[in-house]
Amino acid sequence: MTLPIVRPYHPKLGMLATEFNRALQSGQVTNNGEHVQEFERALTHILGCPTLAFNNGMSALIAMLMASDVQGMEVIVPSFTFAATPHAVVLAGAKPVFADIDPDTLCLDPADVERKITPYTAAIMPVDPYGILWQRPASWEKIDYPILIDAAPSFGSEPIGLRGDAQIYSFHATKPFSTMEGGALCSSNPALLDRAAAIRNFGQGPDGDCAAVGFNGKMAEANALVGLRNLDTWHYRATARVESAMRLRKALAGITGLRVQKAPEGQSPIWTYQPVFVEPTFGKSRDEVVAGLRARGIGVRVYYRPCHELTCYGLAYEVDEFPVTERLASQVIALPVYDAMTATEIDQIAEAFRSIRCE
Ligand SMILES: *Cc1c(COP(=O)(O)O)cnc(C)c1O
């Protein structure tokens, strides 16, 4: 049996037909239509914080940064993230400064962030890798920079809610909760949200003047409708997904040389993927394991790749500047997690690791 890396859930056409037809007939298919407004109200309720919908997570990221005045300055980001994180910083006119991660949580290493602060630092942008929630370190009481969180993969992780000055989510089809393409920005700062709302609409304010430059980041009605119908069943799917990931971790426990990422204390990630690490005692290289899993029909990803090594960024970094990122990125495999994984599917993954180890 082949197991794809993601198994997206979409509502049935019949669940969308009446309302979508009405939007088509009325002619209002975008530009802050009634379904986008309803979706924003629903998100605001769920997240417990005022929320704007966007056409994708990347737009929400760029708007969050632009609305925070980072232009010409530096933003500290983890290297162990999806390329969209540093790209958004560049597109907002700032310079990404990479920091290493904590080996236990896979999130930004607070000590390395503190080392990377300069007079040009405008903001810190932590990431929620695989849905694992970045948590503000207790020692950061005195750190006085805006915290803008790339929470793209963590919609559905608990505890729910805002952990910084603003945070964004992605609702891309590969994320656990999807509007096919979509994203959101939430913040408790009304001025930041007002600016982001204008930036999302070409920078235009209510009077049509542009106080700042913007772009088109608006969500369309069709995507908001998909989001609303997906919210109807989300609670059940999220619960089943977290349960599936837990059963997968159990099945993989005890395989020598395979370290299975656990949830940090006090949180329940949504597990966009389940990361595992192939350590030297496994007896095979990570790449051999990936090839073996793929040969057995299991879709896996080598994810994340260190962003400081990407061609567009990887020019001026020192050897050993990111020891944890480099070690973990050389060992990591992102395994699929579905909303409801069968015992057979979980056994297939665990059996594949066992047989690759014995080859
Ligand atoms: C998915 C993702 C994004 C991009 O979101 P899109 O909706 O695909 O634009 C950005 N950052 C991280 C960490 C992601 O996982």
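Trainee: Between which two elements is the loop in which Leu106 is found?

Mentor: This is a predicted model, in which local features need pLDDT of at least 70, side-chain atom pairs count only at pLDDT 80 or more, and totals for chains, interfaces and linings use all residues. Residues are numbered from 1 along each chain as its sequence is written, and side-chain values use heavy atoms, with hydrogens and water left out. With helices (H or I, at least four residues) and strands (E, at least two) taken as DSSP runs numbered from the N terminus, the loop holding Leu106 is between β3 (95-99) and α5 (110-116).

Trainee: Is Leu106 buried or exposed?

Mentor: Most residues other than glycine have a negative phi, whereas Leu106 has a positive phi, near 70 degrees. Buried means under 20% relative accessible area, exposed over 50%, and partly exposed in between, using a 1.4 Å probe and protein chains only. The relative accessible area of Leu106 is 1%, and therefore this residue counts as buried.

Trainee: What is the phi of Trp271?

Mentor: Trp271 sits in the loop between β8 (258-260) and β9 (274-278), and at 1% relative accessibility it counts as buried. Although Trp271 is not a glycine, its phi is positive, at about 55 degrees.

Trainee: Which element supplies the largest share of the lining of the largest pocket?

Mentor: On a 1 Å grid over the protein atoms alone, a pocket is an open set of points where a 1.4 Å probe fits, with protein on both sides within 12 Å along at least five of seven lines, and lining residues have an atom within 4 Å of a point. The largest pocket has a volume of about 360 Å³, and of its 25 lining residues the closest to the centre are Phe82, Ala84, Ala152, Ser170 and Lys175. While α3 (57-66), α4 (84-91) and β6 (166-170) each supply at least two lining residues, the largest share, three residues, comes from α3.

Trainee: How many residues does α7 give to the lining of the second largest pocket?

Mentor: The second largest pocket holds about 270 Å³ of space, and Gly156, Glu158, Ile160, Trp234 and Ala238 are the closest to its centre among 18 lining residues. Two or more residues come from each of α2 (34-47) and α7 (221-252). The element giving the most is α7, and its contribution is six residues.

Methods
Grid points are joined across faces, edges and corners, and a volume is the space filled by probe spheres set on the points.
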